[in-house]
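Me: I would like to learn how to read the fold and the core from a set of coordinates. Could you take me through it step by step?

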Amino acid sequence: MSDYKKAPDGLTVARTLDAKGLSCPMPLLRTKKEIEKINSGEILEVLGTDPGSRNDIPGWCERAGHEYLGEKEDSGFIRFYVKKK
């Protein structure tokens with residue numbers, strides 16, 4: 001059983017960042033840059049394989065004021081969803 005926040009179905013994504021294969025801290029650094037490319041209230045989807053992102057992305061959202069919507073496991077990677085403040 002996972003204790004990670006599961007993203008709701010039916011999210012409308014404004015932009016997708018492919019961070020698969022990158023190791024910490026690169027997924028978070030790329031997420032910080034990518035979220036600047038979307039408007040307030042829009043959702044960024046981050047595709048990642050680094051298990052550290054499960055802690056890094058929600059923690060950064062809390063510090064930066066963005067809303068962490070959760071994650072979904074896919075085959076071989078995880079989809080993270082961040083709503084820009």
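**Reading contacts and core**

Reply: In this predicted model, residues 24 or more positions apart account for 67% of the contacts in the protein with a separation of 6 or more. The elements behind this picture are 2 helices and 4 strands, which run β-α-β-α-β-β from the N terminus on.

Me: What radius of gyration would a compact globule with 85 residues have, and what does the protein have?

Reply: A compact globule with 85 residues would have a radius of gyration near 12 Å, and the protein, with 11 Å, agrees with that. Of the 85 residues, 39% count as buried.

Me: Which residues have the most contacts inside the largest nonpolar core?

Reply: In soluble globular proteins, nonpolar side chains tend to be buried together. Here the largest nonpolar core has 15 residues, and those with the most contacts inside it are Val46, Ile57, Trp60 and Val82. Strand S1 (15-19), strand S2 (43-48), helix H2 (53-64) and strand S4 (78-83) each supply at least two residues of this core, with H2 giving the most, 4 residues.

Me: Is threonine 31 buried or exposed, and what is it in contact with beyond its neighbours within four places in sequence?

Reply: A residue counts as buried under 20% relative accessible area, so threonine 31, at 0% relative accessibility, counts as buried. Threonine 31 lies in helix H1 (residues 26-34) and, leaving aside its neighbours within four places in sequence, is in contact with Leu17, Leu44, Val46, Ile57 and Trp60. Valine 46, in turn, touches Thr31 and, among others beyond four places in sequence, Leu17, Ile57 and Phe80.

Definitions and conventions: Residues are numbered from 1 along each chain as its sequence is written. This is a predicted model: local features need pLDDT of at least 70, side-chain atom pairs count only at pLDDT 80 or more; totals for chains, interfaces and linings use all residues. Side-chain values use heavy atoms; hydrogens and water are left out. Buried means under 20% relative accessible area, exposed over 50%, partly exposed in between (1.4 Å probe, protein chains only). Contact means heavy atoms within 4.5 Å. A nonpolar core is a set of buried Ala, Val, Leu, Ile, Met, Phe, Trp, Tyr and Cys residues joined through side-chain atoms within 4.5 Å. The radius of gyration is taken over C-alpha atoms; the globule rule is 2.2 Å times the number of residues to the power 0.38.
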